[in-house]
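Please read the following points alongside the structure shown here.

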Amino acid sequence: LQSNGCCIGPGFAGENTGPEEEAVIKIAGNSNLVSPNLPDFHSCSPGWSSAFYGAECFDSEVHSYLKNLGKQKSSESQNIDAKKVELEQLLMMETKNYRKTIKFYQKLLQKERRSKGKCPETKSMLPKLRGQLQEMKSKVQFLELVKKYVQASQTQMVYAEQWGVESYVLPTVIHNGKTDTMDMAPMDESSLLLYYTTEKHQCSNQNGVRVLQAGTPLGLMAYLYSRNAFLEGYVQQFLYTFRYFCTQEEFLQFLLDRISSTLSSASLDPSTSLTKICNRSFYILQAWIEDCYSVDFATNNDLLGTLKEFISSKVASLNGYGERLLLLLEDASARKSGSAGQCSSMDKCEEESEEGRKTLHSLCKKLSEDVSRKNFYWKLSKGVGPIAQYQRERLHTGSAVLPKPCCSSVTEESSVSFAKADEVGPFLLIEYGAQQLCWQLTLLQQEVFHKCHPVHFLNSRALGVKDKCVAVQKAVSAETVSLKVCNLFLSKCIQDQYLLQLLKNADSITTWVAAEIVTCHTTKRQVSLLSKFLLIAKCCYEQRNFATAMQILAGLENLIVRQLPAWKILPAKVAEIMEELKAVEVFLKSDSLCLMEGDRFKTLPTIPSAHVLAMHVQQLETGGFTMTNGAHKWTKLRNIAKVVSQVHAFQENPYTYAPDFKLQSYLRQRITRFKDADISALAADNCANFHQIPAEKHSRKIQDTLRRMKATFQ
């Protein structure tokens with residue numbers, strides 16, 4: 001990991017502090033440990049981008065741009081509010097110009113198509129305009145990144161960084177903060193943490209930057225208190241991976257010990273180490289609750305009870321932060337029980353920034369669709385055009401005409417009772433268009449995906465998740481899965497098993513696909529259904545719903561389904577989609593971060609394949625976690641945190657299709673009906689699943705066989 005430690009966070013990596021940082025320190029200095037005059041209780045969870053990008057989340061270009069912003073219009077000491085106003089104006093202006101340019105490009109593109117290439121001026125202008133659009137898009141995205149940094153600098157994450165300590169003070173953290181002495185001779189830092197030095201950084205005059213390589217459990221927990229631990233991504237990476245070397249109870253006790261030993265003796269002077277340790281402990285605890293409540297506290301009543309009792313008895317009476325933590329726990333509990341479908345809550349500031357991101361996402365999506373109109377690069381070049389043409393013809397015939405995402409559903413006027421899904425059978429699958437079915441299946445998949453957490457994908461071997469074959473045996477429930485010797489978490493560490501539910505849902509869809517096909521009573525209908533599922537899968541992966549696409553592929557690759565006679569009369573253009581889906585599967589398995597490449601994941605919704613992601617994490621978990629001296633390899637844990645962080649990244653950008661609840665109800669009922677079906681038993685009851693041999697030809701074959709057998713005995 002290339003560290004930008006010398007550029008991260010205004011005033012945190014260097015010795016000099018700007019006016020904004022001085023103001024923050026001044027506020028903190030007038031507080032009672034944690035200032036009651038802080039802004040509204042904002043989130044201090046670093047977020048997925050912190051774990052994914054680490055110290056490079058906000059590079060030096062962002063810092064220098066913000067530092068120089070407004071200097072030409074005002075004095076050198078322009079405050080952050082004035083810079084924020086100017087940044088908003090610049091972003092609004094650039095976005096407006098970007099939108100106008102897109103409209104102008106679309107008009108030129110339509111003009112060029114109508115002229116069929118006979119207008120050379122328009123044809124020559126389009127490439128130049130396309131290049132300008134890409135530049136404008138990059139500028140808008142950069143301004144969005146600067147805006148995000150400004151918002152982050154005003155959140156409590158930056159306040160948390162005010163209480164970071166230098167590395168030589170970390171032994172004080174181990175000693176429960178009982179002494180304020182800077183000389184820590186009895187315990188050397190090298191016995192807790194190991195570093196490696198990077199090459200000389202461009203924006204630093206030092207010989208190199210120290211990067212954490214390994215550490216003991218106590219050392220890794222103590223490093224949470226180090227300077228820039230929040231901004232460089234360490235805190236978020238730790239929250240994802242600490243279960244490999246300590247239990248939730250041990251981590252909580254570590255934090256509570258630091259708070260209890262420093263709370264009463266910490267002075268109002270923010271420069272003392274006791275005050276820094278106490279206040280940083282509160283912020284770490286807040287970040288843990290915000291990001292991991294559903295996987296650590298909601299599943300462990302004893303852990304939650306210990307925390308609540310400590311806050312109520314020892315913190316609330318002495319420090320105003322205790323009441324805020326209790327309110328945070330109540331809010332997290334309400335979200336878990338009342339709106340489990342939401343991946344995380346956002347405060348008002350984050351909601352406003354989310355609206356801004358959606359605007360940018362829609363513009364970037366429009367550009368990607370209207371300007372480039374390129375297929376994914378892993379698609380097979382052979383037959384892609386005809387397949388798309390065939391799909392368009394299928395989608396625009398008869399009752400399969402599709403609405404736009406925001407239009408009302410066709411099923412509002414349908415006279416079919418979805419409560420009788422068993423009576424209707426697979427007919428509605430054939431009647432509805434592939435894209436419409438893709439949208440509703442995507443929304444159903446999104447519902448279960450948004451309930452998962454990055455931590456759910458860790459230590460999946462202990463849950464029985466295996467490569468190839470079926471990840472979870474149907475005869476084994478989530479409650480009866482025994483933890484095997486391959487458990488990588490500590491034995492007393494409680495692990496949420498939601499991943500098993502996610503994989504069981506995937507198995508249900510796979511079985512449903514196979515069952516719908518083998519229960520068709522005519523070969524003609526099987527061909528129609530095979531074509532429909534192939535087109536749905538194609539539409540799903542084009543919309544970056546790789547989960548449903550791979551589930552359908554697994555259903556079509558069922559051994560019995562692959563032997564059906566219907567494949568031989570399937571149109572060649574549709575049959576080629578099968579190879580296309582296999583190419584997508586190879587692409588997904590090729591690299592654990594393949595879906596995070598480029599900017600597509602930032603502007604387009606994505607749902608990864610849960611089983612493929614779990615396999616990638618298992619690959620990273622292969623090998624030892626400790627060095628010969630017993631220190632845990634932080635470089636290994638950091639890579640694991642980076643891979644699982646993409647779960648939260650994808651959850652940030654949901655699909656906005658209009659839900660068709662009646663169609664979804666029908667799909668749920670069909671999936672539920674066949675989720676535990678025996679495909680071989682279903683296929684045996686249907687003659688359309690077998691190759692038919694004419695009676696005369698069959699009789700002649702028997703006679704020939706008897707004649708040959710008779711000849712052998714003569």
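1. Cys-540 is counted as buried because its relative accessibility is 0%, under the cut-off of 20%. This value, like the others in this note, comes from a predicted model. Cys-438 is likewise assigned to the buried class, with a relative accessibility of 0%.

2. For Cys-438, the nearest cysteine sulfur belongs to Cys-539, at 3.4 Å. For Cys-540, the nearest cysteine sulfur is that of Cys-438, 3.6 Å away.

3. Helix α21 (residues 546-556) is largely enclosed by the rest of the structure, because 10 of its 11 residues are buried. Among them are Phe-546, Met-550, Gln-551 and Leu-556. The buried residues of α21 pack against α18 (434-449), α19 (498-518), α20 (523-542), α22 (559-562) and α23 (572-590).

4. The largest nonpolar core contains 157 residues. Those with the most contacts inside this core include Tyr-225, Trp-288, Phe-457 and Phe-533. Helix α11 (residues 273-297) gives the most to the core, contributing 13 residues. Apart from this core lies another, of 20 residues, with Leu-69, Leu-108, Leu-143 and Val-150 among them.

5. Which residues does Tyr-225 touch, leaving aside its neighbours within four places in sequence? Its contacts include Trp-163, Leu-170, Phe-254, Arg-258, Ile-277 and Ile-284.

Technical notes
Residues are numbered from 1 along each chain as its sequence is written. This is a predicted model: local features need pLDDT of at least 70, side-chain atom pairs count only at pLDDT 80 or more; totals for chains, interfaces and linings use all residues. Side-chain values use heavy atoms; hydrogens and water are left out. A nonpolar core is a set of buried Ala, Val, Leu, Ile, Met, Phe, Trp, Tyr and Cys residues joined through side-chain atoms within 4.5 Å. Buried means under 20% relative accessible area, exposed over 50%, partly exposed in between (1.4 Å probe, protein chains only). Helices (H or I, at least four residues) and strands (E, at least two) are DSSP runs, numbered from the N terminus. Contact means heavy atoms within 4.5 Å. A disulfide is a pair of cysteine sulfur atoms within 2.5 Å.
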